[in-house]
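Today I opened the model to look up its aromatic rings, and I kept these entries as I went.

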Amino acid sequence: NNGTAGGTAFLNLNCATLRAALAAAPGASTGILVYIRAGTYNLRDGYATYGANGLNLNGGGDATHPIMLTGYPGDTHPILDCAENYSASEILEISTKGTLNGQPFTIRCRQNIDCTGAYVVLENLELRDGFRHNVQARCAHIAVRSVLLNGAYEDAFKTIIGSDRAYLADGECRAFASSCVDAFGALNVKLVANTTGTAEVGFSE
């Protein structure tokens, strides 16, 4: 639907039907277009188990029918929030000891979006406070356009061996502790007209 029909629109991103469609096996989908209205969507509450991803994009589209998540035209960019927001000392304790304030602890939302499918487009969004990454890509043909990658502890955009053709354009990165883009083992990664937040490490052409 067009995102405006209250009787048929998904009320939030934690809807099991929507998540199942996005996480379909590669090749099982011929394309999905999801418009997201302005607002903050907590990807952790009510759904994610400990150590899970916010959204899994495993389905495969094609060049003309991609898997696409985009902000609704004319709205401010919606915020997809993993809510894994900790101080530097807390992050160090969690990542090295598996505890928080001395108590056993496991993060709930490792990255906002985990992509293993093909032909994926992320557009006009803010991805906030994934613990490890805002986007982890193990896929072919992913385009990230006009997206703010904000607050990940490790690399904001991380590719895994076997990834091919990643394109990041017109976005901004505010990395917390590491690089904004780590193209580990990936082929054909292109960065165009991206910026970084004030006093942050990050994008280079």
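Before looking at charges, I noted the rule that a charge sits over a ring if NZ of Lys or CZ of Arg is within 6 Å of the ring centre and within 35 degrees of the ring normal. I also noted that this is a predicted model, in which local features need pLDDT of at least 70, side-chain atom pairs count only at pLDDT 80 or more, and totals for chains, interfaces and linings use all residues. Residues are numbered from 1 along each chain as its sequence is written, and side-chain values use heavy atoms, with hydrogens and water left out.

Entry on Arg37. I found the charged end of Arg37 over the ring of Tyr72, 3.9 Å from the centre of that ring.

Entry on ring pairs. I looked up 4 aromatic pairs in the structure, where rings of Phe, Tyr and Trp (its six-membered ring) pair if their centres lie within 6.5 Å, and planes under 30 degrees apart count as stacked, over 60 as edge-to-face and the rest as tilted. One of them joins Tyr35 and Tyr72, which are edge-to-face at 5.5 Å centre to centre, with 75° between the planes. Phe131 and Tyr153 have ring centres 5.5 Å apart and planes at 45°, so I wrote this pair down as tilted.

Entry on accessibility. I took buried as under 20% relative accessible area, exposed as over 50% and partly exposed as in between (1.4 Å probe, protein chains only). Phe131 is buried because its relative accessibility is 6%, whereas Tyr153, at 22%, counts as partly exposed.

Last entry. I noted that Tyr86, Phe105, Phe131 and Tyr153 form one aromatic cluster.
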